[in-house]
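Reader: Hi! I'm new to this one, could you walk me through its charged pairs?
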Amino acid sequence: MIEEESRIVWRADESAEGERIDKAVTSLDDDWSRSAVQTWIKEGRVTVNGRTVKANYRLEAGDEVIVSVPPVEELAVEPEPIPLDVRYEDEDVIVVNKPRGMVVHPAPGNTSGTLVNALLAHCRDLSGIGGVARPGIVHRIDKDTSGLLMVAKNDMAHQSLAAQLKAHSVDRIYLAVVHGNIPHSRGTVDAPIGRDPHDRKKMAINHKNGKPAVTHFAVLEHWRHAALIECKLETGRTHQIRVHMASIGHPLIGDPVYGPKKNRYPIQGQALHAKVLGFDHPRTGQRIRLEAELPEDMEKLISLLRAENH
């Protein structure tokens with residue numbers, strides 16, 4: 001299955017004034033690399049106000065940028081013998097505990113070292129619904145989020161798991177360490193999430209163009225300047241927990257995008273872990289519920305915060 005070419009249309013605002021076109025286009029999608037975008041520009045796949053430009057073109061407010069993203073070619077993704085922490089596997093589904101720092105699937109200019117590369121080496125039978133670059137991938141977790149991720153081995157399983165995600169019947173519980181002492185023991189953030197109109201690299205609470213997003217959280221431990229929380233998702237928007245917690249003044253520790261610019265804690269990337277995953281087995285209907293222990297770096301962070309609290 002070859003993915004069709006997709007067309008992205010974007011209008012530059014004042015915040016993009018003077019920025020190089022190659023840098024601006026790269027920031028439109030986390031999965032695009034600068035080198036891939038520069039190749040697209042040379043191939044005439046990027047136009048500004050209907051004309052092709054060079055990579056060093058400087059944007060002006062109001063410029064209409066159209067990116068014709070090339071289709072992913074067959075054999076673009078090679079199997080790689082990368083170790084996997086498999087927590088469940090049968091003929092239909094595989095659930096892995098993804099380490100922090102691993103990208104889930106390949107993207108233009110970044111076709112190696114991903115979870116998909118590892119999965120292709122581990123099991124050749126993955127569903128084709130996600131296309132060549134995303135075989136078996138039903139849902140994603142961010143590169144710097146660790147934890148449980150389910151993958152479909154065939155199209156029947158993929159359709160079943162995707163339908164469960166859409167119906168909000170998949171249990172997804174995360175543990176996160178956030179800045180600030182949350183004064184209450186639980187809460188719900190119900191706010192739509194979309195692209196940040198002022199910074200295209202970020203997501204934000206966006207009442208005009210966002211999609212509904214609901215996060216329930218409970219505080220497991222209070223500390224002086226931080227808290228350990230458990231988050232249950234009703235929806236699965238990009239960066240949902242990170243955006244929602246930052247919006248109420250409690251960004252995740254280590255989050256380079258939504259948290260403080262200086263990170264004084266010993267963790268690279270946001271302190272977020274997909275701990276629990278529950279779903280109905282696509283073939284048998286049996287409820288599968290899995291848990292993954294916290295990674296070592298989050299355990300060390302929590303120990304440090306407990307020690308600071310005494």
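Predicted model: local features only at pLDDT ≥ 70, side-chain atom pairs only at ≥ 80, totals over all residues.

Reader: How many salt bridges does the search of the whole structure find?
Author: It finds 19, each being a side-chain nitrogen of Lys or Arg within 4 Å of a carboxyl oxygen of Asp or Glu.

Reader: Nice. Which residue does Glu89 meet in a salt bridge?
Author: Lys153, at 2.8 Å from N to O. Glu89 lies in strand 5 and Lys153 in the loop between strand 7 and helix 4, so the pair ties together parts 64 residues apart in sequence. Helices (H or I, at least four residues) and strands (E, at least two) are DSSP runs, numbered from the N terminus.

Reader: Is Lys153 buried or exposed?
Author: Buried, with a relative accessible area of 10%, while Glu89 is partly exposed at 35%. Buried means under 20% relative accessible area, exposed over 50%, and partly exposed in between (1.4 Å probe, protein chains only).

Reader: Switching topic, what does Arg242 pair with?
Author: Asp255, again through a salt bridge, at 2.8 Å from N to O. Arg242 sits in helix 5 and Asp255 in the loop between helix 5 and strand 14, 13 residues apart. Arg242 is buried at 5%, and Asp255 is buried at 1%.

Definitions and conventions:
Residues numbered from 1 in each chain as written. Heavy atoms only, no water.
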